Amino acid sequence: MTKLVFQVKEMKFILPRLMKKINFKKNSLVANFTKVNWFTFILVFAVLGVTCQAPTQKKKIMARNDADQPVIRVGVLQGRAQVDFRIEGKVSFVNRDADFVLRGLPGGRWKIEAIDSKPAEYVYQLAVGTRKGRWQAEEVLRSVRNKGLDAHISKIETNNLSIPYVHKSVYQIVLDKKFSSGNDAKTYQSEIQEKTNSEIIKIPQNDSEGTLRFTNLDNNYNFDSPGPIRLRTSQIQLADVEVGSGFHWETTEHRAYGGTFEFLLDQDGMITAINELFLEDYLKGVVPSEMPAGFPYESLKAQAIAARVEAVSKIGLRHPFEPFDLCDEVHCQVFSGLSHNAERSDMAVESTRGIFMIHRNKITEAFYAGVCGGHTENNENVWLINAKGYLRGVLDRDGNRLSTPLSEESNVKKWIDSNPDVYCSSTRKNRPTSVNYSKKYFRWQVEYKRQELEKIIREKTGEDFGELVDLVPLKRGVSGRLIDLQVVGTKKRFIINRELPIRRALSNKTLYSACFYIKKRGRAKGLTHTYILKGAGWGHGVGMCQVGAAVMAHAGKKFDQILTHYYQGIFLQKLYN
Ligand SMILES: [Zn+2]
Ligand SMILES: [Zn+2]
């Protein structure tokens, strides 16, 4: 121990001077050293046990564990010019090929900056969908071509997970037309909106340029790297991680992570931070972020399985062009590293280790959301993906279907104004106290003066529609969630399509759900004075209703009963031990 203390103390003294002079270029340790400095460098590193491996020693840093569980890469920070972090204990810096290693450096406060960075040049295109199977992609291609649009299928290799029943690549249907600016792509996107929904994809034509500069703030020494650098340490704490971007709970917090950490310059020349870790460890950082750890145990187990399935099934679909598999936000699944870990949710992950939901020899999708509002939604009504047999909307209670379809306007009004006795109902008897926070989501109401709502819609959609004349629901899904909403203005009328764009367009942040009806109050100058949105539920409503799952578990249902209620026709299988 004495020796160790001595080493760290000495390093603090010697390394700052040395490190300032080290400049690492691609695949070689460089460089502008005098002979004396090289000698000191080698001597000090040998004495202090800090190793710098020779470029010839190439090996994989973190081999995927083929025999057991998969390793996944989670993007936790993107688009940053600077990242601050703190290391507990010592840290090693390694590049991807392991031909550059700095081992046993002191921890403490560090920062990384993107130096002299220059973004790549892009070509912008529109993707109209991504499918796991070629024939499903061909189906989309045919329908796009039938609408007079030229398109092709682009195959993307997505993962090499070592488990069965999982896709290895995805097929993206891309329009042929290319644009040199994002704005031109956006203009074309709205021109063809009547024909198809699409998302803008950026295809880099060259590499971005720049250097990552790592600085230890306690010792004030630094080193540069042009390529990705991986950190191996017991724990890293990142400052200012965004949480809930664009939603009503948006904030930032400091977060701790285990596993391997990687920093790299993305195509925009900005810093991306990636946590690479075992799937089961990842789940321990997801389950308590996606479901309160105080929920009944069987619902935590159902959540652990849903999160495991969701992670694996989203790889390649959500971030096909990015250097990570999943992001850490609602878009993929909320992952907060080690920051919110709880014993109960850890146990729920461990006791269901390796268990997946299977349907027709494939790992399923496993969407889930906070409060369905009484009825869950068909998947194809929410996203641009094929209808899945096990993702049909269900009434959130045992027994019969609804006799009055919620896709009809008059029925949905009655439904929202009523208080149906469903699992996630806020007034249901025998609810666990842990779900009390969710009462405000079961039925809710938002009120806007017309001018206020006009301003929000204008800002969110970028449409100059004049004054708001009306909001007209055109199409709803089986849970009553809006699929198409028409905005009628004095200058023009347009349609907002799909639940998330609708939720975002009608709120400064995001509405709780797209299951709402529109009530109008008062008139002034021939226009409505106040718009009242009366709604049900929180979230997209596809798959498991989390509060419903908690109430089912509280009533004695087991995790498999919960899962087969929300995902009908699936079976459970353990794919690794
Ligand atoms: Zn994502
Ligand atoms: Zn529900």
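This is a predicted model: local features need pLDDT of at least 70, side-chain atom pairs count only at pLDDT 80 or more; totals for chains, interfaces and linings use all residues.
## Helix 6 against helix 12

Helix 6 spans residues 297-314, and helix 12 spans residues 546-554. The two pack with their axes 7 Å apart. The angle between them is about 140°. Angles over 145 degrees would count as roughly antiparallel, so helix 6 is oblique to helix 12. The crossing of this pair is right-handed.

Helix 6 brings Y297, E298, S299, A302 and Q303 to the contact. Helix 12 answers with Q546, A549, A550 and A553. By class, the residues of this contact are five nonpolar, three polar and one charged.

## Helix 5 against helix 6

Helix 6 also packs with helix 5, residues 279-290. Their axes come within 9 Å. They cross at roughly 125°. Helix 5 and helix 6 are therefore oblique to each other. The crossing is right-handed.

On the helix 5 side, the contact holds L279, Y282, L283, V286, V287 and E290. On the helix 6 side, it holds L300, Q303, A304, A307, R308 and A311. Nine of these residues are nonpolar, one is polar and two are charged. Q303 of helix 6 takes part here, and Q303 is also listed in the contact with helix 12.

## Sheet 22-23-24

Three strands make up an open sheet in the order 22-23-24. The pairing is antiparallel. Strand 22 (468-476) and strand 24 (493-497) are the edge strands, each pairing on one side only. Neighbouring strands are turned by 20° against each other on average, direction ignored.

Strand 23 covers residues 482-489. Seven bridges link strand 22 to strand 23 in the antiparallel sense. Within this sheet, D470 stands opposite V488 of strand 23.

Strand 26 runs over residues 527-536. Strand 21 is joined to strand 26 by seven bridges, and the two run antiparallel. Y448 has Y531 as its bridge partner in strand 26.

How values were computed:
Residues are numbered from 1 along each chain as its sequence is written. Chains are lettered from A and ligands numbered from 1 in the order in which they are written. Axes are lines fitted to C-alpha atoms, for helices over the stretch in contact, and angles run from 0 to 180 degrees between N-to-C directions. Helices (H or I, at least four residues) and strands (E, at least two) are DSSP runs, numbered from the N terminus. Angles under 35 degrees count as roughly parallel, over 145 as roughly antiparallel, 65 to 115 as roughly perpendicular and the rest as oblique. A crossing is left-handed if the near helix is turned anticlockwise from the far one by less than a right angle, and right-handed if clockwise. Two residues are in contact if their C-beta atoms, placed from the backbone, lie within 7 Å. Ala, Val, Leu, Ile, Met, Phe, Trp, Tyr, Cys and Pro count as nonpolar, Asp, Glu, Lys and Arg as charged, and the others, Gly among them, as polar. Two strands pair if DSSP finds at least two bridges between them.
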